[in-house]
Structure formats: C-alpha cells, structure tokens
Amino acid sequence: MNNGPRAPQNREWLSVGLVCPYSFSRPGGVQNHLLGLAGWLRRHDHVVCLLGPGSPDAQTLAEHDLPPDCFTSTGGTVPVPANGSVARLSFGARPAIRVRAWLKSHYFDVIHLHEPLTPSSSLLALWNADRPLVATFHTSFEDSDFAESPLLRAARRLAPSSVARIDEAVAVSSAAAEAARRTWRLNPVIIGNGVNTSELSAAWSSASPWRGGDRPRICFLGRFEEPRKGLEFFLGAVRRVRLNHPDLDAVVVGPGSIPAHSDQVRFLGALPDAERDRVLGSSDVYVAPNTGGESFGIVLVEAMAAGAMVVATDLSGFREVLTDDRGLVGWLTPAGDSAALARAINQALASGSTELAERGLRRARQFDWDSVGPQLVERYRAAIVARRSR
C-alpha cells in the first residue's frame, strides 16, 4: 500500500504520478509530451512526480520548470526495434523493484501511464499500482507491420487483465484511438498532444522578403537516421525545388550522422529547444515526409505555432492535425514521392499566404497546454470517481 495521508475529498489540486515507458536520455515525442504536461501541472498548483527509464538532464528539466527531485529513473534500457523506430525500454526484476519503491514512497491521487501496455516502466506500474489509473495511447500502426510484431503479440497475451485495471483511456488522435480499439479493445477519449504555443509564437519572423532573410528556407526536423522520418524523400525534393529556387536554404535539425550526397542541405545537429524554435520561426515551409508510424504530428503543431507553412505526407494523424473547420491548413502528399513533395513545397513558397499561416496558428493553439491540460485533469477526476465505484 502507498504511504502518506489520505487526500482531502474537495481540494482543487491533485497529486499526479506520470509514467513513461521510453528513455528520457534520448529525445522523443512521448517524453517531451510528459515533460510539458508535468510543467503545466506544476504551474497550476498540482503535485507531480515523473517515472521512466534513463534520465533527462538538469537543463531539460529546468526548461519545463521541473526540479531534479521530481524525476525517478527505473534505470538503463534495452533498444528494441518497434514501429519503424527504436524503442529504448526498461523491463525486468530491477526496474520492477524501482517501480514498486516509487509507488510505495508517494501518495498519488491518480497515476497517468503513457503507452501502458508497452513492456517497460508503464506496464510495470500498471501491474503494481493501487491508485486510479489514466492511460494515454500514442501509437498508430498505419502502414506498419508492427501490429503483428512479436513484441505486440506478447503484449496482447497479457492485455485482458492489464486493460481491466485502467480507469480512463485517452488517445492522442483518431489514428491512435483506432489502434487502441483494434488492438486492446478500448474506446479512448481523444485529447491531442500538448504544445507551448506562446513560446513558439514568440519565434515568429516576418517575411523580408522571406522569413529567413533574403532567400527561402525549408526545414526538416527529427531523428533523420530513422527511415520512417523520410529524409531521403526530403533530399530528393530539395534537388527539384532548387530548379525553381536556386538559392534555397534547406536545413535539417536533429541528431544523426550526415549522409553522403547531401551537400545541398545544411545539417544543424540536435539543437536546444530555444534554438530549434528560432529555426522553425524563420522557416517559410516545414516539411514532414514521414512514411508511416505517426499517430499525431506534434512537430507540425510546433511549426504552425511558429508561423511556418506545412507540407507533410498524407498520414491520418498528420491530416487530423492539419485540418480546421474550413479544411486543410497545409499541403499533403503521397508517402515516398519526392516529386509530389517538391511540387507542394513550390506551391507553398509561391503562395505567400499569411491567411493560411494565421489559420495554422489558430489550429495550433487548439493544442496549447492551456487547452489540453484541463482536459486531462478532467480525465484524472473521472478516473478517481470511477475507481471509487469499483
């Protein structure tokens, strides 16, 4: 049983445990989502503790207004190929001991698990927690054989009793919700990933004549060594766009070894958040040529918040992010088609559409933490009520 006094029934603040299955020693969308959520919760007077493999550095925690003692590590990880990427997971006897110790040493009103059925910290917490549980599903299996992978088949065998412990289920998009319904027989509420749009909007540069200065700039951001991120198609598109814009400034932000035959592109490496935001804020077009396995597209939201127009692959998660009540706020192209990608980039550069950029900003603000955070707190309170009625 958890130690600590019972929480008052009518207080406004909550004590929340956030659990991540993926290593905080490497950047990733789920990890960034948890850090952003933890920071928002603390700024709104909730008590928050984080648990996960690896460890974020002190600067990363400080950027999210989080003290070092709010994070507990479950230890090292093992890299596991999954869904076109590499998941760094922590599972086994030693991580299980650390998970149980964390649960015992804190009183939580609610525990929020991310990717709860991935065999890592979240699944260990799911098995051992005796508190109300909210579970967020981030993964989409679109155009992927991961749904039938040995890892997921093994997880499905354990699913029925594990799923039954979840009080409230959330998915970050329609694509992630469909994957949860098909794979785990759940019907999650859809609440998108959160973004601090005010900081990104502050990086917004005006065109003079281009946002980056005297020549057009397009940007690719991500772990470009992963094939599903689609760098090869970005490079192919750059060669075609240069026929119309010989002075094009094409930049890539993210960790990895620079590939051969990429001299027409500037590789900036992994950048701190503030510098990365400035690159987005000075880019005319953000390009997301991903080939699959993307359930949401948080970087698309970040790019729109920073004022860039967006050209992306037509994945269901991307389409959902790029659609407002009037239709598309960007350009979508078939996966793996550099020629179509180049045509869309040329159209975006030729449009000079401030109206579309303003629509993109309004769409991005729908995913601001001040919109997403209260929705999640509502799920927390619903989970507490649901657990009492069990």
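Modeller: Let's start with Glu168 and Arg379, whose side chains are joined by a polar contact of 2.7 Å. Please keep in mind that this is a predicted model.

Biologist: Happy to. What makes the Glu168 and Arg379 pair a polar contact?

Modeller: The cut-off for such a pair of N or O atoms is 3.5 Å. The distance here is 2.7 Å, so the pair is within the 3.5 Å limit and counts.

Biologist: And why is Glu168 called buried?

Modeller: Buried means under 20% relative accessible area. Glu168 has 15% relative accessibility, so it is classed as buried. Glu168 sits in strand E8, residues 168–171. Beyond four places in sequence, Glu168 touches Leu133, Val134, Ala135, Arg379, Ala382 and Ala383.

Biologist: How do you know whether the radius of gyration agrees with a compact globule?

Modeller: For 390 residues, the value for a compact globule would be near 21 Å; the chain has 21 Å, so the two agree. The C-alpha trace spans about 65 × 45 × 40 Å along its principal axes. Buried residues make up 58% of the chain. The secondary structure comes to 14 helices and 17 strands.

Biologist: Which residues touch the most other members of the largest nonpolar core?

Modeller: That core has 61 residues, and the ones touching the most other members are Ile218, Phe234, Tyr286, Leu300 and Ile345. Its largest share, seven residues, comes from helix H10, residues 298–305. Another core, of 32 residues, lies apart from it and includes Phe71 and Trp369. In soluble globular proteins, nonpolar side chains tend to be buried together.

Biologist: What is Leu300 in contact with, leaving aside its neighbours within four places in sequence?

Modeller: The list is Tyr286, Ala288, Val310, Ala312, Phe318, Val321 and Leu322.

Biologist: What makes helix H8 mostly covered?

Modeller: Eight of the eleven residues in H8, which covers 231–241, are buried. Among them are Phe233, Phe234 and Val241. The buried residues of H8 pack against strands E10, E11, E12 and E13 and against helix H12.

Biologist: And what makes helix H4 mostly covered?

Modeller: In H4, residues 121–128, six of the eight residues are buried. They are Ser121, Ser122, Leu123, Leu124, Ala125 and Leu126.

Biologist: How do you know how the span of helix H13 compares with the expected one?

Modeller: H13, residues 354–365, has twelve residues. At 1.5 Å a residue the expected span is 16 Å, and the helix reaches 17 Å from its first C-alpha to its last, which is close.

Biologist: Which residues of H13 are buried, and what do they pack against?

Modeller: The buried ones are Leu356, Ala357, Arg359, Gly360, Leu361, Arg363 and Ala364. They pack against helices H7, H10 and H11, and against strands E15, E16 and E17.

Methods: Residues are numbered from 1 along each chain as its sequence is written. This is a predicted model: local features need pLDDT of at least 70, side-chain atom pairs count only at pLDDT 80 or more; totals for chains, interfaces and linings use all residues. Side-chain values use heavy atoms; hydrogens and water are left out. A nonpolar core is a set of buried Ala, Val, Leu, Ile, Met, Phe, Trp, Tyr and Cys residues joined through side-chain atoms within 4.5 Å. Buried means under 20% relative accessible area, exposed over 50%, partly exposed in between (1.4 Å probe, protein chains only). Helices (H or I, at least four residues) and strands (E, at least two) are DSSP runs, numbered from the N terminus. Contact means heavy atoms within 4.5 Å. The expected span of a helix is 1.5 Å times one less than its number of residues. The radius of gyration is taken over C-alpha atoms; the globule rule is 2.2 Å times the number of residues to the power 0.38. A polar contact is a pair of N or O atoms within 3.5 Å; within protein, one must be able to donate a hydrogen and the other to accept it, and residues adjacent in sequence count only if both atoms are side-chain atoms.
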